[in-house]
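User: I am new to this structure and would like to learn how to read it. Please take me through its features in turn, with the general idea before each case.

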Amino acid sequence: MSTSIPMLEQSAGRGAARAAARRRKHQTQTSEGRRAGWVTYTILAIVVLGSAYPLYYSLQLASSTASQIAQNPIPGLGLGGNLLENLQRVMDANINLPQAFVNSVIVAVVTSASVVLFSTLAGFSFAKLRFRGRGPLLVFVIATMAVPTQLGVVPLFIVMRELGLVGNLLAVILPGLVTAFGVFWMTQYLESALPYELIEAARVDGASMIRTFWHIALPAARPAAAMLALFTFIGSWTNFFWPSIVLGTQNPTLPVALQLLQASFFKDMSLIMAGVVISVIPLLVLFVIAGRQLVAGIMAGAVKG
Amino acid sequence: MATSTASAPVTPGSVDDPRPPRKIGFRQQLGKWDVKLSPYLYISPFFLLFAVVGLFPLIYTAWVSVHEWSLLGGQGEFVGMENFQFILGQPNFWKALGNTFSIFVLSTVPQMIAALIIAAMLDANLRAKTFWRMGVLLPYVVAPVAVALIFSKLFADGSGVINTLLGQIGIDPIGWHSQSLPSHIAISTMVNFRWTGYNALIFLAAMQAIPRDLYEAATIDGAARWRQFRSITIPMLRPTVIFVVITSTIGGLQIYDEPRMFDQAGKGGSSGQWLTLTLYLRDLGWRTNNLGRAAAVAWLLFLVIIVFAILNFTLTRLIASSGAKKDKKGQLRVSASGAAIPSAPSPASTPVVETSPATGEPGSGTDGTTGRTAR
């Protein structure tokens, strides 16, 4: 209860702030409230343990040898002593894991930056500027969010081959440069977070549209933009279907590399799990740093990203 | 921000100005165009890119699906509905359809129930709220491919953790990889693992938007906790539940990553026990090199998704509204006796029907590349 409501509004959007305000009001009214009992804590603890156990299990396997895994189907509580060795082995394996790691970083960073930039631009336009066709175009954006664009893989592949991009990272980056969700998300946010007065003040001062966007809209959009970047980054990092079709074995991203790892070393679980650990760690670090924002983002916008 | 000396302010009324337009300086003219064109300029990157990488492929799929089209040879002759006829005559298609449906049900129904329960727990007056919320969200940051690798080992037929545990309590090992239904359960478990906490947070946001007065009134009327949950929480969550179910439908029916990684061959099992429609599409297009037939499967899957989305929408509405019925004013009948809440401070105009911005409305990022559908 240390964060103030205006602060929450900054970081989590107006909806969450309103909900929190309403909630707090009622908490003070009913001093008893519904204080959680031990049953609640026990159930939640089980859920959290269940969420964490598979990850810990993969770390246990990644730190064991193949024979240890064969002997103990259920590992004890501790870790084995072979983690570094296995990590080294999987980096050296002939599936080009270091390259895959770099590729994943490139794709995730480029698509996140692009989605945020283009979504904020379009969101600013939809939320704050007046132009003909604004309503129908926004409806179109919302409608496309429900369209399973993944089903366009066949022509997308044909196009990428025509462009000579099969096996090229660009083939994965291009379809990820914009998302309808991003546009909608930024429109929603800027509608409430950016006062008209600020824009008008900038215009009166003689700022051009793009200057107004850059100096007024973009700073105001920062909290929502950060969340959008997070979700896009995670979505890109975990994306598998399309990269596995278009990238092939020479130039994989991490999920594709994990599939190759599984295909060639399915007998050596410690090696596969070492690969899993390498692919999971960056997002875990991100989760530790920005988990609060993730939670706030999901709760503020019911994001499906 | 402060370039006031350089150019004059743009006045909106300048169009109706009686003075001839020539007197307007070049800069002002420029400013006018700036105001007129900028909005289109700013939305154009999205629309152009989306047209090329989203809309065009989806429509062009129809064109490909009525042609003979091999992966290597490219476009062949027009064959009409032949690709569709071929697919509808394949036992594997129907098997994949059944498997997809089975996995979808096994991953959606328990997931929604669990997410609601977890959300109700998180909605209680907890210590260390952020810790618990982050805790249930943890699996979301693990890629489905990694989840699948971990869980296929947990569910290994011979020496997996689960079969070993079952053996210790005297249950025969289950053929998670060899039998159909067990494989669906294993795959659904992966989906549930990754998404339950996520959906719980969405439900939690919606729960927190429910006015607490309703619960107080129900308590006064003597409704127990379970009764309150059923008669207030569930009906109030209806828009959110519908939203989550629809997005799960669109994403879940396209499931690919988990069944693909469930074994190293990626063909949906030795006899297609866990072959799904997207796996089948991938197999037709890139293993048997027939893009025409793959495109036909894509269209059929599209149809299936639409049908199911509508079906689930209707079904969820029915289920969610059977908990408590609303009267004509949109007020909730809460008390067991059926009387309207007497002490509710503000009657019909209260945000009873208002779906706050914190709930379902904003967002269904079922986008092909970064969304849930991409798994």
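Analyst: Let us begin with burial. A residue counts as buried if 20 or more other C-beta atoms lie within 10 Å of its own, as exposed if 12 or fewer do, and as partly exposed in between, with C-beta atoms placed from the backbone. A257(A) is buried because 29 other C-beta atoms lie within 10 Å. This is a predicted model, in which local features need pLDDT of at least 70 and side-chain atom pairs count only at pLDDT 80 or more, while totals for chains, interfaces and linings use all residues. Residues are numbered from 1 along each chain as its sequence is written, and chains are lettered from A and ligands numbered from 1 in the order in which they are written.

User: Which residues does A257(A) touch?

Analyst: Two residues are in contact if their C-beta atoms, placed from the backbone, lie within 7 Å. Not counting residues up to four places away in sequence, A257(A) touches I95(A), N96(A), L97(A), A100(A) and P252(A). The C-alpha atoms of A257(A) and L97(A) are separated by 6.4 Å, although these residues are 160 apart along the chain.

User: In which helix is A257(A) found, and how many helices does chain A have?

Analyst: Helices (H or I, at least four residues) and strands (E, at least two) are DSSP runs, numbered from the N terminus. A257(A) is found in helix 14 (residues 254–264) of chain A. Chain A has 15 helices and zero strands. Of its 305 residues, 50% are buried.

User: How do the axes of helix 14 and helix 15 of chain A cross?

Analyst: Axes are lines fitted to C-alpha atoms, for helices over the stretch in contact, and angles run from 0 to 180 degrees between N-to-C directions. Angles under 35 degrees count as roughly parallel, over 145 as roughly antiparallel, 65 to 115 as roughly perpendicular and the rest as oblique. The axes of helix 14 and helix 15 (residues 269–301) of chain A come within 10 Å and cross at roughly 175°. Helix 14 of chain A is therefore roughly antiparallel to helix 15 of chain A. L254(A), L258(A), L261(A) and Q262(A) of helix 14 meet I272(A), G275(A), V276(A) and S279(A) of helix 15.

User: How many residues does each chain bring to the contact?

Analyst: Chain B brings 103 residues and chain A brings 109 residues. Helix 1 (residues 26–65) of chain B supplies the largest share of the chain B side, 18 residues. Elsewhere in chain B, helix 5 (residues 144–154) is mostly covered, with eleven of its eleven residues buried. Among them are P144(B), F151(B) and K153(B).

User: What is the average pLDDT of chain A?

Analyst: pLDDT is the predictor's confidence in each residue, from 0 to 100. Chain A averages 86, and 88% of the residues score at least 70. Over residues 1–13 of chain A the pLDDT is below 50, and this stretch has 19 contacts in the model beyond near neighbours in sequence. The pLDDT also stays under 50 over residues 25–32 of chain A, where the model has three contacts beyond four places in sequence.
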